[in-house]
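Good morning, and thank you for coming.

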Amino acid sequence: MGDRRPRIPRRMIPWALATVAAFVLLTSAAAQSIVAADSNFERSPDPNNTFSLTDLYINRHIYDPLVEIREGGEIGPMLANAWHLADDGLTWTFELRDDVSFHHGTPFTAADVQFTFDRIVEGGMAQAFLFRDLVEVEVVDDTTVTFRTSRPAGAFLTSIAMVSIVPADAVEELGDGFYDVRYGTGPFRFAEHRPNEDWVLERNDDYWRDGLPLADRVVVRMIFEEATAQAGIQAGEIDILTAVSPDLALVLEGSGDVDVLYVPSFETTYLQVKVTSQPFDDPRVVEALNYAIDRSEITEGLWLGRAEPAAAYVPPGMLGHHDELEVFPYDPERSRALLAEAGYPDGVTVEMLGPTAVWPQSQQVQEAIQAQAAAAGFDIRLNMLETAAYVQNRNDGNYDVLYISSIAVTQEGMRFLTERLLDDVHASGYKDDEFERLMSELLTATEAAQQQELFEAVQEHLYGAPPHVYLYHPPAIYAVRTDVVGFQPRPDRSLYLWETTKE
Amino acid sequence: MASYALRRVLQGALVVLGVAFIVFMLMHLAPGDPAAMMLHDGASPQEVAALRTRLGLDRTLHVQFGAFVAGAVRGDLGRSLYHERPAIQVVLHFLPATFTLAFAALGLALVIAVPLGILSALRRDTIWDYLGMGLAVLGQAMPPFWLGIVLIFVFSVELRWFPTSGTGTFRHLILPAVTLSAYLTALLTRLVRSSLLEVLDQDFVRTAHSKGLPRRVVVVKHALRTTLIPLVTIIGIQLGDLLAGALVVETVFAWPGVGRLLIQAIGSRDFPVVQAGVLVISVVVVVLNIAVDLLYAYLDPRISYA
């Protein structure tokens, strides 16, 4: 009888074994870790007491917001299924999901939403500034919550999208101890944060969005030194790097195991002038400065052609971008003529305040501007300072020209225009009635088409005029190892890793 | 001996107090506002002012220093502006990593420098001597940030022998420790060589030789012991430098120690952490220096603190 058993030919045995081994390896390889690196340290262990980009995206893995901002600025549902604005333009109602639990098992309800926002506003937390117009959050029932604002707020949903919802019970019971457990509703559970070293996040098997996350573990390491980060990704210890400098991008492009991704960012690099003192109290001098800078030489030479010369604040891809405004050409003759018209036939001497680091290529760009403007009648004295000293001098208004860059963390342009021009937080002395009128219309407009129109009107009003000289939109640069799949680069340089995995 | 020790401890306390005062003043007088650094770029002057008040930074400098000293006496050095914990806890959390690195570097330096120095001295003006001294010059000439990056690219990226950065295993410690020890190793090698050469010419060594003692015994038991005094002195002085060097090495190797903490805290103007960190380091250096001084009496019976 034994003879009738099918016999495996002897030479097939190694193949059979290899197949089994491969199967075992492949299925066990499902336990996957994605290791990313960033150069920022944790600003706060509290998800609502921070506005740092790094903290915000790490928290997006642990917690969920009510709504999220999708590509093109569209608002999509998260913990809230649906929402609507009442006819008074002041009351927002959110319908919440009823199938979501926090990592410690407590179901998510409207009370957690109310608790989260009350804590931010009453506690004066870092995100409170987003909700200056918020009057009251009210629980209607377990799955309905309403927000009332004091005036119509066009950017309200994008502000809501910044906020991680925290569990009321755990935060109240644990106090500071909450920072060691960090329960959220997000795709990953918080495992550990070793300060100045890394964050470790483990897959949440009960995540409410089916099939997510893909990786079992996400580690984000903090590496300040760029050469060290470069070594890490080249040696295969790191899978993804964000905020890569153009110089490092050039080096990594040549290595076979790493892809370099360039995407347009929501960042604008610009100059701000002091309009209350000479020589920029004369708008013609501001116009002259616009002609004194060769933007494309900077974007080609210092940004490898990956940055976009700018004519206005709102970058391409964001609601409100004005694509008909032309970038000022480099025209030293015109600049000198304008200076002469303004009463400075021999040119002007001005001091430019800027940081040594903070933004990639800061130093090189400031030096390039100095050299270019010299031919156009501007003798620019550079006052390049360490970050904290720069920030203080900037806030005190100690400059003729300020070098600065701004990324739209909330992915919309109203905040920038409000803070930097309407509230003039960096002390340029700018005040303009027509601008204020346009802004009051823009801030209370809640329809996208209307907002677009007003954004364009505001930018036309600011074109070539005080107090800004727009330079360029730098790209977001990522380095990603070739075996990483499903990674989406983002215009704000964040790392969103719940749909990312490895081959 | 006891009264000497007591005197040194009191002197040390004065030094620490002085350091605390200088660091406090440097941080508060340097430009840069902790409140502005904590808030986002577009924060209004009112928001910054409100936070300054909440942090107590709007009080006059002497009131703030008084509050700082009064707190310090009770063991309260303030709360970190970023870590949501008392500053002293934050510093103590990072201290072991720095100690591990510094003592690994010190151990490494001794293990290499003493034999190499002896070899160079005994084989004076031979290829061994030139080789040893060549290495020593190189070790002193290479800045640690450069050496660290070179070691990472050779041994981690090319050869894959060690991880590029971070902590976790013993292998993580090797490259940072080698980098941090390079300068000290070079210094100690030259020191051992020159003091040994000096001693070898002295009468008591010649006497020992003429008594018929083997060369090994003469060198190890008689000559080497007298070179220990300058060695211990230099190590005592260099311990402070070693902790300072950790600042650079920790940054290059993403090593989560006090050095990296301080760089981050200074950059973001986390005053309580900077003050607590510098205070703790100065206490460590002062204690180690007192320990070194007390060690002299043990090493050289002629020295007495009676």
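A:Asp198 is buried, with a relative accessible area of 5%; buried here means under 20% relative accessible area, exposed means over 50%, and partly exposed lies in between, with a 1.4 Å probe and protein chains only. Its side chain meets that of A:Arg194 in a salt bridge, at 2.7 Å from N to O. By a salt bridge I mean a side-chain nitrogen of Lys or Arg within 4 Å of a carboxyl oxygen of Asp or Glu. A:Arg194, at 28%, counts as partly exposed.

Before going further, I must state that this is a predicted model, in which local features need pLDDT of at least 70 and side-chain atom pairs count only at pLDDT 80 or more, while totals for chains, interfaces and linings use all residues. Residues are numbered from 1 along each chain as its sequence is written, chains are lettered from A and ligands numbered from 1 in the order in which they are written, and side-chain values use heavy atoms, with hydrogens and water left out.

A second pair is A:Arg217 with A:Glu202, whose closest N and O atoms are 2.8 Å apart. A:Arg217 belongs to strand E10 of chain A and A:Glu202 to strand E9 of chain A, so this pair ties together parts that are 15 residues apart in sequence. Helices (H or I, at least four residues) and strands (E, at least two) are DSSP runs, numbered from the N terminus. A:Arg217 is partly exposed at 31% relative accessible area, and A:Glu202 is partly exposed at 30%.

Since A:Arg189 lies in strand E8 (residues 188-194) of chain A and A:Asp206 in the loop between E9 and E10 of chain A, the pair ties together parts that are 17 residues apart in sequence. A:Asp206 is exposed, at 63% relative accessible area, whereas A:Arg189 is partly exposed, at 28%. Over all chains, the structure holds 34 salt bridges.

The loop between strand E9 (198-203) and strand E10 (217-222) of chain A also contains A:Pro213. A cis peptide bond joins A:Leu212 to A:Pro213, with omega about -10 degrees.

I turn now to strand E5. Why is strand E5 (residues 91-96) of chain A largely enclosed by the rest of the structure? The reason is that 5 of its 6 residues are buried. E5(A) pairs in the antiparallel sense with strand E4 (residues 80-85) of chain A, over 5 bridges; two strands pair if DSSP finds at least two bridges between them. A:Phe94 in E5(A) is the bridge partner of A:Trp83. E5(A) also pairs in the antiparallel sense with strand E7 (residues 144-149) of chain A, over 5 bridges.

Finally, A:Arg493 has a positive phi of about 70 degrees although it is not a glycine. A:Arg493 is buried, at 15% relative accessible area.
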